[in-house]
Amino acid sequence: MSQRNTPPSTSYGILRQDQFSSELEETAGQVRRLGFAIVDSGYTRVELSEISEEFERTRKRYVEKWGETDLKQANEIHTIRAPISHGGPAFLKLVMNENLQAVLKLLIEGKYILNQQNGIINPPNETYNQAFWHRDLPYQHFVSSTPLAINALFCIDDFTLENGATFVLPASHKDKAFPSDTYIQKNALQVEAKAGQYILLDCMLFHSGGFNRTEKERRAVNHVFNIPYFKQQINLPRNMKADGLTVGEKEILGFYYEEPASIESYLKSRLPKKD
Ligand SMILES: O=C(O)CCC(=O)C(=O)O
């Protein structure tokens, strides 16, 4: 098989160049240009297996609570909605991961909140509800000069070509329209990643889960973070206990961005925050 040459490191006629001083800045730079990149969580094997076990416990309780038949009917059997509000501490840990938060700060200007967290199961030899091209701000056809929302897809299992690693259309966050079928067949890439890594996507990048040709499920936890002007998929502050959360955590979970129900609560929201 032919191998790619090392790209030239010399250039001419260039007046401006990106200058990054850390790997996380490089990662953020790639998300801006291509719309996707990978960031490592830094979790140990033990932490990863705790997260995997917590995922399974949460999933079992969730299916018991909402019922397998109803979840299937709603096409929701391969998704665990808002596990941060009913699962163990692993789900808050995934949101607050230090490397992830550092890249988000580089990508989204100003404040941002968690819009949604979902457990995602890509089942073997069967299609599922994420295996369709979409944007994570669906039904939107605009171009933004800076990311308004970022998806961080945490891989609980390795994402491989065989088990349906996420397909992306590089740089498609820079065009309003969905490209033609021929363009998609020529330009779609699959993003392979290791368990413990987050696949970061500009939410306007077209992407899709792939078909899992293996005998094992491929599990992940997706997170959409966005500027606080978009409403959450499920209202997290109303479904979570605030006890034990820091001001920073509450801010990211949207506790300070619920729409005030009255002038009184608006004025209250302007007061300084306390732990
Ligand atoms: O499961 C995947 O590979 C894709 C997940 C996805 O499309 C999403 O989180 O929006």
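So, what is the bridge partner of Ile 80 in S3? Hold that thought for a moment while I set things up.

What we have here is a predicted model, with residues numbered from 1 along each chain as its sequence is written. Local features need pLDDT of at least 70, side-chain atom pairs count only at pLDDT 80 or more, totals for chains, interfaces and linings use all residues, and side-chain values use heavy atoms, with hydrogens and water left out.

Okay, back to the opening question. The partner of Ile 80 is Gly 119. Ile 80 itself sits in strand S2. When I say strand or helix, I mean DSSP runs numbered from the N terminus: helices are H or I with at least four residues, strands are E with at least two. S2 and S3 run antiparallel, joined by three bridges. And two strands count as a pair if DSSP finds at least two bridges between them.

Now, is Ile 80 buried or exposed? It's buried, with a relative accessible area of 2%. For that word, buried means under 20% relative accessible area, exposed means over 50%, and partly exposed is in between, using a 1.4 Å probe and protein chains only. If we skip neighbours within four places in sequence, Ile 80 is in contact with a whole list of residues, among them Phe 55, Tyr 62, His 86 and Ile 121. Contact here means heavy atoms within 4.5 Å. Ile 121 is 41 residues away from Ile 80 in sequence, but their C-alpha atoms are 8.5 Å apart in space.

In case pairing is new to you, strands of a sheet pair through backbone hydrogen bonds, either parallel or antiparallel.

Next, strand S3, residues 113-122. Here 10 of the 10 residues are buried, so S3 is largely enclosed by the rest of the structure. Nine bridges join S3 to S9, and the two run antiparallel. For example, Ile 121 stands opposite Arg 219 in S9. S9, residues 218-226, is also joined to S4, residues 149-155, by seven bridges, again antiparallel. There, Leu 153 has Asn 222 as its bridge partner.

Keep an eye on Asn 222, please. Asn 222 counts as buried, at 6% relative accessibility. Leaving out residues up to four places away in sequence, Asn 222 touches several residues, including Gln 116, Ile 120, Asn 151 and Leu 153.

And that takes us to the ligand. Which residues surround the ligand? They include Ile 120, Tyr 128, His 134, Asp 136, Asn 151, His 207, Arg 218 and our Asn 222, where being near means that a heavy atom of the residue lies within 4 Å. An N or O atom in the side chain of Asn 222 is 3.0 Å from an oxygen atom of the ligand. For Tyr 128, a polar side-chain atom lies 2.7 Å from an oxygen atom of the ligand. The protein covers 99% of the 300 Å² of accessible area that the ligand has on its own, with areas from the Shrake-Rupley method and a 1.4 Å probe.

Last stop: two asparagines in loops. Most residues other than glycine have a negative phi. Asn 75, though, has a positive phi of about 55° and is not a glycine. Asn 75 is in the loop between helix H3 (68-73) and S2, and at 44% relative accessibility Asn 75 is partly exposed. Asn 125 has a positive phi of about 55° too. Asn 125 lies in the loop between S3 and S4, and is partly exposed at 42%.

That's my tour, thanks!

Terms used. Polar contact = N/O pair within 3.5 Å; in protein donor to acceptor, adjacent residues only side chain to side chain.
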